Amino acid sequence: MKELHAHMIAHLAPSTSWTLDPLQIVPTLLAAALYARRVLTLRDRGTPVPRWRVLLFAVGIVTLLVAFVSPVHALGERMFSFHMLQHVLLGDLAPLALLAGLTGPILRPALAWLHRLRFLAHPFVALPLWAVNLYLWHLPFLYDAALRHDSVHALEHLCFFTGGLIMWLPVLETLPAPEWFGTGAKLGYIATVRAVETVLGNVFFWSGSVFYGVYEHQDRLWGMSALADQGFAGGVMMIEGSVVTLVALAWLFLRMASEGELRQQLLERGLDPRAVRRAVRYGRAEELSRTR
């Protein structure tokens, strides 16, 4: 009976464990504090940040904490599918929400420093960097090293998060992207990103062999084999990517339609075509209209 009880505790422990790693939690909370301080400063100056942006940034912070602190982290040490869930939270959903919560006024104190990083917003830079980072960390020797060594694991998390930020930069244009990279080009960019991700997800889903030996020697949770767990991991990657892609494409299609109509209205008023394109793209059409 005691052996059965110990066995049950060993299986339940990862699903109820919360991880408190200062190296990952402190920077997250510091970013939240700096953001809150800047938002309050702008509000006091009479230029409040839209509430929906504050909400999205908060969602990003919570998403990071779920990935770092919640049982998802502990389960990820035992199961590839949960490790993959942690990666999509860190490398896709959290960066997307955080970048969507930023505005020019929020970033103004750091613009001099951020200007040096503007090259990262070029799609021909962002996409290769993100893709190489994604595939490199899923090579067996690096993946196993991340699971066996805390320092490598922390570096892996940092790389996934940074890669996600870089990947989304050209789409959200937190830093200005090239002039030619309009809404139509962004549609193609998102489709390419998901195609790259889907290839890797399918490899995990359909493979007949286990890629990461560390999972084969784990005490399996809920009776799931290492191969089935790997298939679920590929499914997590593809399902999350599909949902985010559908939402992003729908948003871009609606934006493209509204931009076309607004652009035509401004051009009919005799405004400069290039100024119109920039104003519509960055949501400054009203300002341009007032200058006429």
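Helices (H or I, at least four residues) and strands (E, at least two) are DSSP runs, numbered from the N terminus. These close-ups come from a predicted model, where local features need pLDDT of at least 70, side-chain atom pairs count only at pLDDT 80 or more, and totals for chains, interfaces and linings use all residues. Residues are numbered from 1 along each chain as its sequence is written, and side-chain values use heavy atoms, with hydrogens and water left out.

**View A. Glu173 sits in the loop between H10 and helix H11 (183–206).** Just after H10, this residue takes a positive phi of about 55°. Most residues other than glycine have a negative phi.

**View C. Welcome to the second largest pocket, with about 1300 Å³ of space.** A pocket is an open set of points on a 1 Å grid over the protein atoms alone, where a 1.4 Å probe fits, with protein on both sides within 12 Å along at least five of seven lines; lining residues have an atom within 4 Å of a point. Volume is the space filled by probe spheres set on the points, which are joined across faces, edges and corners. Of the 36 lining residues, Ala31, Leu102, Trp113, Phe161 and Leu165 lie nearest the centre. Helix H2 (22–44) and helix H10 (150–172) are among the elements giving two or more residues to this lining, and H2 supplies the largest share, eleven residues.
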